[in-house]
Amino acid sequence: NFRNIAERFCTGVEVKDRWSWGRRYAQCFVGKEASDWLVQSGDAADEDVAVAIGNSLMSAGIFEHINSSQAAAYQPGSSFQVGLLCLPSYQPFFSP
């Protein structure tokens, strides 16, 4: 189900500080790595399905594009920052 995918996504995708165009972004991941993880984890059959799942996760507020005015949709070639819902300190998301 979607909640299980979201929880596994939050702990399975490599999140770290990254640099883009000379600017540091905290708590980020690369879309391509996330798509690959979704396929490897068995949550997506291929990259097209991974992109659809990524868009659903993004719409749910799990993450956002590092430049929120630039991208309205999940794209494997972009970088994203995890949202509040994906941070381990945000217990309501991880609680039953």
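The model is predicted. The protein chain holds four helices and four strands. Along the sequence they follow the pattern α-β-β-α-α-β-β-α.

**Whole chain**

- The protein chain has 96 residues, and buried residues make up 38% of them.
- Take the contacts between residues at least 6 apart in sequence: 48% of these join residues at least 24 apart.
- The accessible surface comes to about 5600 Å². Carbon and sulfur atoms account for 51% of that surface.

**Nonpolar core**

- The largest nonpolar core has 18 residues. Phe9, Phe29, Leu38, Leu57, Ile62, Phe63 and Tyr74 touch the most other members.
- Helices α1 (2–12), α2 (31–40) and α3 each supply at least two residues of this core.
- Helix α3 gives the most to this core, with five residues.
- In soluble globular proteins, nonpolar side chains tend to be buried together.

**Phenylalanine 9**

- Phenylalanine 9 sits in helix α1. Its relative accessible area is 2%, so it is buried.
- Beyond its neighbours within four places in sequence, phenylalanine 9 is in contact with Phe29, Ala34, Trp37, Leu38, Leu57, Ile62 and Phe63.

**Helix α3**

- Helix α3 covers residues 47–59, which is 13 residues. At 1.5 Å a residue it should span 18 Å, and its end C-alpha atoms are 18 Å apart, so the two agree.
- Its buried residues are Ala50, Val51, Ile53, Gly54, Leu57 and Met58. Seen down the helix axis, the buried residues fall within an arc of 165°, so they line one face of α3.
- The face turned away from that buried side carries the exposed residues Asp48 and Ser59.
- At the start of α3, a side-chain oxygen of aspartate 46 comes to within 3.1 Å of the backbone nitrogen of aspartate 48.
- Just after α3, glycine 61 takes a positive phi of about 85°.

**Tryptophan 37**

- Tryptophan 37 is in helix α2. Its relative accessibility is 17%, and buried means under 20%, so tryptophan 37 counts as buried.
- Not counting residues up to four places away in sequence, tryptophan 37 touches Arg8, Phe9, Gly12, Val13 and Asp43.
- Glycine 12 is 25 residues from tryptophan 37 in sequence, with 7.4 Å between their C-alpha atoms.
- A polar atom of the tryptophan 37 side chain lies 3.5 Å from the backbone oxygen of glycine 12.

**Arginine 18**

- Arginine 18 lies in strand β1 (residues 16–20). At 15% relative accessibility, arginine 18 counts as buried.
- The side chain of arginine 18 makes a polar contact with the side chain of glutamate 33, at 3.3 Å.
- A polar atom of the arginine 18 side chain also lies 3.3 Å from the backbone oxygen of cysteine 28.
- Leaving aside neighbours within four places in sequence, arginine 18 is in contact with Arg23, Arg24, Tyr25, Cys28, Phe29, Val30 and Glu33.

Terms used:
Residues numbered from 1 in each chain as written. Predicted model: local features only at pLDDT ≥ 70, side-chain atom pairs only at ≥ 80, totals over all residues. Heavy atoms only, no water. Expected span 1.5 Å × (residues − 1). Buried < 20%, exposed > 50% of the residue type's maximum accessible area, 1.4 Å probe, protein only. Arc of directions from axis to C-beta. Polar contact = N/O pair within 3.5 Å; in protein donor to acceptor, adjacent residues only side chain to side chain. Contact = heavy atoms within 4.5 Å. Core = buried A, V, L, I, M, F, W, Y, C linked by side-chain atoms within 4.5 Å. Areas by Shrake-Rupley, 256 points an atom, 1.4 Å probe, with all protein chains shown as cover.
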